[in-house]
Amino acid sequence: MSLRTARVRLAALLLAAVSVVSVLTGCTLMDLARDCGGTDAEVEEMAALGILDSRPDGAAVARGFEEVDAGCWSDSGDVMVYAERTYAFPGTRAEVAEHYRTAARRDGWSPDPEAAPDDVSFVKGTTSLEIVFLTAELLAEEGRGNRPGLSTGAGYSITVGAYA
């Protein structure tokens with residue numbers, strides 16, 4: 001078999017594989033190739049949302065999380081921009097939930113109709129907002145280590161995100 005024949009067969013095999021993946025996933029090659037390029041302005045806009053700085057009285061930005069964590073991730077053609085703040089709060093989860101239900105409503109957010117009843121989740125247009133209460137197990141899973149200030153009381157993260 002000549003080198004030219006081998007190249008033609010390899011190209012045909014690659015095209016067939018891409019076609020199968022497109023059919024099975026519903027994604028086109030262009031969808032699969034999407035990445036975070038060109039999302040810097042959207043990431044900055046997300047990080048500047050005022051709701052990220054809203055917090056109940058007594059909550060403090062958690063040590064080691066002084067800056068807003070903002071960025072973009074892409075997976076199988078889905079591109080999402082996000083921003084997150086992490087707070088330590090000595091009070092209860094109920095106090096945190098009540099604060100954000102009030103603050104979010106005042107800022108134009110609506111309860112997420114697809115969220116579970118106990119979730120503290122909201123939507124505004126195509127942007128979502130979620131409060132996640134932190135536990136020692138969750139912190140370990142995320143590689144954040146042992147942080148007693150976050151796994152006692154109602155340590156939590158507030159995250160906003162939208163598909164780009």
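**View 1. Residue S121 in strand β5 of the predicted model.** S121 counts as buried, because its relative accessibility is 11% (buried: under 20% relative accessible area; exposed: over 50%; partly exposed in between; 1.4 Å probe, protein chains only). The residue is found in strand β5; helices (H or I, at least four residues) and strands (E, at least two) are DSSP runs, numbered from the N terminus. Leaving aside residues up to four places away in sequence, S121 touches S110, P111, D112, A115, L129 and E130, where contact means heavy atoms within 4.5 Å. This is a predicted model, in which local features need pLDDT of at least 70, side-chain atom pairs count only at pLDDT 80 or more, and totals for chains, interfaces and linings use all residues. Residues are numbered from 1 along each chain as its sequence is written, and side-chain values use heavy atoms, with hydrogens and water left out.

**View 2. The buried side of helix α4.** V96, A97, H99, Y100, A103 and A104 are the buried residues of α4. They lie on the same side of α4 because they cover an arc of only 160° around the axis, the arc being that of the directions from the helix axis to the C-beta atoms. These buried residues pack against β3 (78-88), β5 (120-124), β6 (127-133) and β7 (156-163).

**View 3. The opposite face and the end of helix α4.** Exposed residues A94, R105 and R106 are carried on the face of α4 turned away from its buried side. Just after α4, G108 adopts a positive phi of about 90°.
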